[in-house]
Amino acid sequence: MDIQNPGRILVRVAEPSEWAAIAAVDSVAAAGDEARRAAVRRWCEQGLVLVAEGSSGPLGYGVLEYTFFEQGFVTMLMVADGARRRGVGALLLGAAGAACTAPKLFTSTNVSNLPMQRLLQREGWRAVGMLHGLDEDDPELFFRCPPPRTDPRTDPLGVTGPGSGSGVPGSGPGDA
């Protein structure tokens with residue numbers, strides 16, 4: 001799957017060999033967290049990473065898994081500090097929605113992560129729950145991807161978007 005936008009940012013599935021370059025844009029991994037570096041490597045090797053790249057290389061990445069009650073789950077969404085507020089996160093969420101093969105797609109973020117909450121709200125995701133106890137004094141908020149927006153003229157059965165497995169660019173959230 002390749003999704004291109006007018007800003008010349010390409011979103012695609014990462015190759016396993018790209019894990020170190022992707023880890024370099026992850027602020028936690030770049031700060032020396034070996035567990036995060038190992039996770040990025042494992043995610044890349046498993047083909048779970050969607051990478052957003054510009055002419056200078058990776059700008060961010062997202063991880064799409066199916067370990068949350070067999071539904072799609074964006075486990076990680078990370079945008080490089082210098083690439084934030086340029087639509088990279090929205091592109092990655094849209095790519096995850098287009099790639100998702102489960103009926104539902106979820107993600108979560110800490111209550112303290114206001115930029116992620118704002119991004120999710122802008123992209124139409126809605127809060128569906130909260131979990132206490134993962135991080136001390138910082139509950140986890142869970143969000144669900146909006147239902148697919150379909151055009152009855154071209155999709156009379158309403159089968160595009162998260163859960164369809166269509167993988168068609170433009171069918172996921174944020175692909176307008």
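## Burial and overall make-up

Of the 176 residues of the protein, 47% count as buried, a term that stands for under 20% relative accessible area, with exposed meaning over 50% (1.4 Å probe, protein chains only). The model is a predicted one, in which local features need pLDDT of at least 70 and side-chain atom pairs count only at pLDDT 80 or more, whereas totals for chains, interfaces and linings use all residues. Residues are numbered from 1 along each chain as its sequence is written, and side-chain values use heavy atoms, with hydrogens and water left out.

The protein has 5 helices and 8 strands, taken as DSSP runs (H or I of at least four residues for helices, E of at least two for strands) and numbered from the N terminus. Their order from the N terminus is β-β-α-α-α-β-β-β-α-β-α-β-β.

Helix α5 spans residues 114-122, and within it Met-116, Gln-117, Leu-119 and Leu-120 are buried. Because these residues cover an arc of only 160° around the axis, they lie on the same side of α5, the arc being that of the directions from the helix axis to the C-beta atoms. The face turned away from this buried side carries the exposed residues Gln-121 and Arg-122.

The buried residues of α5 pack against β5 (71-79), α4 (88-99), β6 (105-110) and β8 (140-144), where contact means heavy atoms within 4.5 Å.

## The ends of α5

At the start of α5, a side-chain oxygen of Asn-113 comes within 3.1 Å of the backbone nitrogen of Met-116. After the helix comes Gly-124, which has a positive phi, near 90°.

Terms used. Polar contact = N/O pair within 3.5 Å; in protein donor to acceptor, adjacent residues only side chain to side chain.
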